[in-house]
Amino acid sequence: MPNASRLRDSTQIVLPREALEGLESQLDDEFTVTVVREGEDYCRIIGSPVEIKAVSEFLARRGVTVR
């Protein structure tokens, strides 16, 4: 049985909203993910493990740190 926290980490990215400024439309155009606003401060990017890995690489190339 997979570890729940590891599975969650492979299917979502949580970032401060300002980190996605100007990138959200590109994410929608290039990837099959859902971007959900979490209150005033954070956004959650949800997708398959393959899409999340690709999004992480996309964000890293644009200087956004993903942990």
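Visitor: In which helix is Glu-51 found?

Guide: Helices (H or I, at least four residues) and strands (E, at least two) are DSSP runs, numbered from the N terminus, and Glu-51 is found in helix α3, residues 49-61. This is a predicted model, in which local features need pLDDT of at least 70 and side-chain atom pairs count only at pLDDT 80 or more, while totals for chains, interfaces and linings use all residues. Residues are numbered from 1 along each chain as its sequence is written, and side-chain values use heavy atoms, with hydrogens and water left out.

Visitor: Is Glu-51 buried or exposed?

Guide: Buried means under 20% relative accessible area (1.4 Å probe, protein chains only), and Glu-51 is buried. A salt bridge requires a side-chain nitrogen of Lys or Arg within 4 Å of a carboxyl oxygen of Asp or Glu; Glu-51 has none, and the nearest side chain of opposite charge, Arg-61, is 11 Å away.

Visitor: Which backbone nitrogen does the side chain of Glu-51 reach?

Guide: That of Thr-32, at 2.7 Å. Contact means heavy atoms within 4.5 Å, and, leaving aside residues up to four places away in sequence, Glu-51 touches Phe-31, Thr-32 and Val-33.

Visitor: How do strands β2 and β3 run?

Guide: Two strands pair if DSSP finds at least two bridges between them; here 5 bridges join β2 (residues 34-38) to β3 (residues 42-46), and the strands run antiparallel. Thr-34 stands opposite Ile-46 in β3, and in this hairpin, with 3 residues between the strands, Gly-39 takes a positive phi near 65 degrees.

Key:
Buried means under 20% relative accessible area, exposed over 50%, partly exposed in between (1.4 Å probe, protein chains only). Lys and Arg count as positive and Asp and Glu as negative; His and the chain ends are not counted. A polar contact is a pair of N or O atoms within 3.5 Å; within protein, one must be able to donate a hydrogen and the other to accept it, and residues adjacent in sequence count only if both atoms are side-chain atoms.
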